[in-house]
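Hi everyone, thanks for coming.

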Amino acid sequence: MSAYDKVLLARAKDRPTGLSYINNIFSSFLELHGDRRFADDPAIVGGLATLDGMPVTVIAMEKGSDMKDKVRRNFGAPNPEGYRKALRLMKQAEKFHRPVVCFVDTSGAYCGLGAEERGQGQAIAENLMEMIGLKTPIVSILIGEGGSGGALALAVADQVWILENAVYSVISPEGCASILWKDPKRVKDAADCLRLTAQDMEELGVVEKVIPEDEACCGQIKESLSELLPQLLALPQDELLAKRYQRFRAF
Amino acid sequence: MNLMGLFRSPQNELEKGGKEAEDQGIRNSCPKCGVQLPITDLQENLNVCSACGYHFRIGPRERIFFVCDEGSFQELDGELMSRDLLDFPGYDQKLRNAKLASREKEGVLCGTARIEGLDCAVFCMDPNFMMGSMGTIVGEKITRLFEHATQCSLPVVGFTVSGGARMQEGILSLMQMAKTSAALKKHSDAGNFYLTVLTDPTLGGITASFAMDGDVIMAEPGATIGFAGARVIEQTIRKKLPQGFQTAEFLLEHGFVDLIVPRSEQKQAIAYLLRLHGQSPREEAAQ
């Protein structure tokens with residue numbers, strides 16, 4: 001399978017989206033809305049749930065189910081208020097010392113007029129800085145498209161996992177081909193060059209785990225989270241943060 | 001010959017300046033108002049158009065020359081150079097061209113300096129080196145500068161100019177956004193001051209990381225500052241962008257920049273801010 005085939009799989013219309021992972025892995029999800037500053041961004045959902053009885057804050061990018069829902073959710077391209085809602089929920093998790101689990105799936109942060117007016121760059125920048133210092137465990141799982149800074153804004157974590165057909169990239173293959181070769185048709189070459197597959201991520205040390213996409217997928221994520229989160233919660237805070245710092249310092 | 005010559009030989013007509021340029025009547029036209037400016041006048045005016053105030057893009061050593069006390073700049077990690085980590089087609093050649101165009105080894109210049117006698121750490125990105133794009137070495141140099149500044153309790157003054165993350169290093173460039181943010185968070189948590197000066201252009205992954213994290217965010221007049229590039233936004237929304245969108249003035253109006261300071265007043269403004277954040281001139285400190 002070529003890198004570009006993986007890109008197409010990661011974008012496939014019938015691919016499970018954020019909410020389906022939340023509902024299959026956690027119990028009793030209670031969605032919490034809004035960034036308390038401007039609006040509620042439906043491209044990012046977040047709230048409280050339990051994992052084997054343990055309270056967890058879950059945050060997911062959500063591309064939507066049917067066409068109407070996709071439009072309402074802006075096809076999973078968050079606006080600044082989506083990132084600010086995510087940060088609000090993470091700070092809430094920090095206060096009550098419960099772990100945070102993020103599901104990442106976006107072609108990128110939305111490139112719109114309003115997004116720029118309301119500080120898309122500033123919102124992402126703040127998340128990166130706050131997540132590196134968040135005094136509670138964070139695990140991020142790339143489930144589909146990991147589109148650049150818009151994906152990273154939910155993926156500064158103690159561990160980052162990726163599904164076997166998900167991708168993670170600094171720029172879309174289309175963007176890369178048109179900038180580099182002024183030829184949008186060369187997307188396949190661009191996808192190869194960018195090294196954006198789950199397997200590349202493992203090789204480059206960007207993720208700790210590649211999760212096979214089979215019937216056991218959600219079961220495996222649940223099992224792995226049930227094992228890891230209590231371990232991370234038990235770590236002294238300084239150690240947790242020092243390890244997270246080192247994780248990103250290594251690049 | 002002005003003092004720029006102490007750092008390196010002039011690389012273009014703009015920098016040659018001096019008597020020779022004057023004799024030959026070398027002029028540079030302002031991209032904004034089109035006025036023909038004699039190179040020597042332009043240089044004396046800090047590369048700002050005397051007719052309309054347009055701020056020309058300048059390289060990092062020129063900027064340091066304008067802002068820092070003469071002879072105070074000590075470069076750090078100047079030997080670090082990018083490698084083609086992912087075997088990306090054409091990257092090696094791009095790096096070679098960038099080195100020729102900028103006469104620098106990488107897209108950011110880092111070091112310590114004094115501004116009106118006040119110690120600080122400084123980084124200046126380089127528009128002539130692949131438009132200041134951030135790969136692993138740009139990220140590493142900025143990270144090391146913040147770590148050094150944290151260790152020595154120094155404020156950091158950072159001049160940003162960048163098209164964003166460097167795509168030729170793929171995901172490793174993206175990781176630099178997290179790495180630099182981590183280092184500046186430690187610097188900030190230790191109570192140190194960080195000032196960013198956003199210059200034309202500051203875009204993409206730079207806006208979405210250390211450019212927007214300053215305790216105080218200054219911008220140069222007219223600078224383009226944003227997350228997405230104008231062309232990408234126009235393609236997304238299928239509309240023309242309004243006049244003045246994503247300028248420093250637009251960001252000020254929308255609350256994302258603290259103040260706009262023309263180049264001629266930057267040194268004084270930066271020194272004032274450093275003083276207010278506990279720096280005292282070196283002579284006094286030594287007593």
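Okay, let's start with Arg36(A). With 11 C-beta neighbours inside 10 Å, Arg36(A) counts as exposed, because the cut-off for exposed is 12 or fewer. Before I go on, keep in mind that this is a predicted model.

So where in the chain is that arginine? Arg36(A) sits in the loop of chain A that runs between β1 (27-31) and β2 (44-51). Its backbone is worth a look too: the phi of Arg36(A) is near 65°, a positive value in a residue other than glycine. Most residues other than glycine have a negative phi.

Now hop over to chain B for another residue of this kind. Gln246(B) also has a phi near 65°, again positive and again not a glycine. You'll find Gln246(B) in a loop as well, between α10 (230-237) and α11 (248-253) of chain B. Buried or exposed, what do you think for Gln246(B)? Gln246(B) counts as buried, because there are 25 C-beta neighbours inside 10 Å and the cut-off for buried is 20 or more.

While we're on backbones, here's a peptide bond to find. Asp200(B) and Pro201(B) are joined by a cis peptide bond, with omega at about -15°. Most peptide bonds are trans. Pro201(B) belongs to strand β7 of chain B, residues 194-202.

And that strand takes us to the sheet. In chain B, 7 strands form an open sheet with mixed pairing, in the order β3-β4-β5-β6-β7-β8-β9. At the edges are β3 (74-75) and β9 (259-260) of chain B, and each of them pairs on one side only.

Helix α7 (136-151) of chain B lies across β4 (108-115), β5 (118-125) and β6 (156-162) of chain B, and runs at about 25° to β4(B).

Last stop, the place where the chains meet. How many residues does the contact take from each chain? It's 37 residues from chain B and 36 residues from chain A. On the chain B side, the elements giving two or more residues are α8 (170-189), α9 (204-207) and α10 of chain B.

Terms used
Residues are numbered from 1 along each chain as its sequence is written. Chains are lettered from A and ligands numbered from 1 in the order in which they are written. This is a predicted model: local features need pLDDT of at least 70, side-chain atom pairs count only at pLDDT 80 or more; totals for chains, interfaces and linings use all residues. Helices (H or I, at least four residues) and strands (E, at least two) are DSSP runs, numbered from the N terminus. Two strands pair if DSSP finds at least two bridges between them. Two residues are in contact if their C-beta atoms, placed from the backbone, lie within 7 Å. Axes are lines fitted to C-alpha atoms, for helices over the stretch in contact, and angles run from 0 to 180 degrees between N-to-C directions.
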